[in-house]
Amino acid sequence: MKVSKKKVLALVMQLGVFAFLLGLPLLLAYVGGTAVPARTVLYLTLWWFGPMMVVYMVNYYLLVPQLFYKHHRWWYVVANVLLIGLFNHSIFWFNAEYLPEMARPGYYSYAIVPIVLHIFTALGALGIRHLSRMHEVELQIKEQQQKNTAAELAWLKNQLNPHFLFNTLNNISSLTQIDADQAQESIAQLSDLLRYAMYETDKPLVPLAGEVEFMNNYIELMRLRCGANTQVEVQLKAEQGVMVPPLLFISLIENAFKHGVSSNQPSSIHIQLSVNDGVLTFVCDNTNHPKDDADRSGSGIGLENTRRRLQLLYPDRHEWEQTLKDGIYHIKITIK
């Protein structure tokens, strides 16, 4: 069984405390200049603290985890009775009549002190072990929560790639019927986009400059399917040193082109990204041209994924603004 460094450190610290308690009487005797020999002081110290140390260690490392925490409470009590009785058996069987007459009064009341100390030692080991266990459980819960969050974020990001690829291939498929040369160039652009999505986004954070270049390339690819009645305005400003989660805003741009462009009605898309005083702001406005229910590609999966990623990555540090007013679909994301 692998022993963690924390458990080894805890054992060393506990042994250090007991070593200090064992050495303290010797130190006091040396400083105080007592006439009692050091051997006698050490013997008396071991007589008192030796059994206490054994009771503590046996409870902390054996009886509490193997009996008390496994719901064998009565066996835990029986084991402690036997353990404490082992160190104090002479008290129960010793006949005080063998002592000098002046030493007989109060013998048993004095002799009962080690039993009381051992009981409190066992209870102390139980309390300390319980506090340590609570701390370990709390750390395990936090670690599991972090693993769950990381797994969910990975799943959400993986959901974006097929959705993005599906829409882009549809665009190129439509373009092949209009301009084959332009379609070939678009395939090269798509290759660059997929290369970024596959090889540059495997980190929790990526440079904002790379994301801006990716979004600009994607927008240029999407412009190809827009007619003369569609106005597209883009202002993406990258600031050096700023790191963001990969592919965070691409679904919003997808939705803008998917639901903001009409073949027979005036359409407009306005996309802005800026960083000021440590606050990143992304704004996307587009005309609202709802698709029919048969069009599953615009079902809003990417939008919900983006919102969930923000909740996991920036809890209490982001704002999500989403409105539909006067035929304009508006989304604004602010990240502190």
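What follows is a working chat about a predicted model.

Biologist: Before we start, what are the ground rules for this model?
Modeller: The model is predicted, so local features need pLDDT of at least 70 and side-chain atom pairs count only at pLDDT 80 or more, while totals for chains, interfaces and linings use all residues. Residues are numbered from 1 along each chain as its sequence is written, and side-chain values use heavy atoms, with hydrogens and water left out.

Biologist: How many salt bridges does a search of the whole structure find?
Modeller: The search finds one salt bridge, a term for a side-chain nitrogen of Lys or Arg within 4 Å of a carboxyl oxygen of Asp or Glu. Arg-223 forms it with Glu-220, and the closest N and O atoms are 3.1 Å apart.

Biologist: Where do Arg-223 and Glu-220 sit relative to each other?
Modeller: They are three residues apart in helix 7, which means that about one helical turn separates them; helices here are DSSP runs of H or I with at least four residues, strands are runs of E with at least two, and both are numbered from the N terminus. An α-helix has 3.6 residues a turn, so residues three or four places apart point the same way.

Biologist: Buried or exposed, or partly exposed, for Arg-223?
Modeller: Arg-223 is partly exposed, with a relative accessible area of 30%, and Glu-220 is also partly exposed, at 40%. Buried means under 20% relative accessible area, exposed means over 50%, and partly exposed lies in between (1.4 Å probe, protein chains only).

Biologist: And which residues of helix 7 are buried?
Modeller: Among them are Leu-208, Glu-211, Phe-214, Tyr-218 and Met-222.

Biologist: What span should helix 7 have?
Modeller: At 1.5 Å a residue, its 16 residues (208–223) should span 22 Å, and the end C-alpha atoms are 22 Å apart, which agrees; the expected span is 1.5 Å times one less than the number of residues.

Biologist: Switching to the strands, which way do strand 5 and strand 7 run?
Modeller: Strand 5 (residues 279–287) and strand 7 run antiparallel and are joined by eight bridges, where pairing requires that DSSP finds at least two bridges between two strands. Thr-281 has Thr-334 of strand 7 as its bridge partner.

Biologist: What about strand 6?
Modeller: Strand 6 (residues 318–325) also pairs with strand 7 in the antiparallel sense, over eight bridges, with Leu-324 opposite Tyr-329. Two residues lie between the strands of this hairpin, in which Asp-326 takes a positive phi near 55 degrees.

Biologist: How many residues of strand 7 are buried?
Modeller: Six of the eight residues in strand 7 (residues 328–335) are buried, so the strand is mostly covered.
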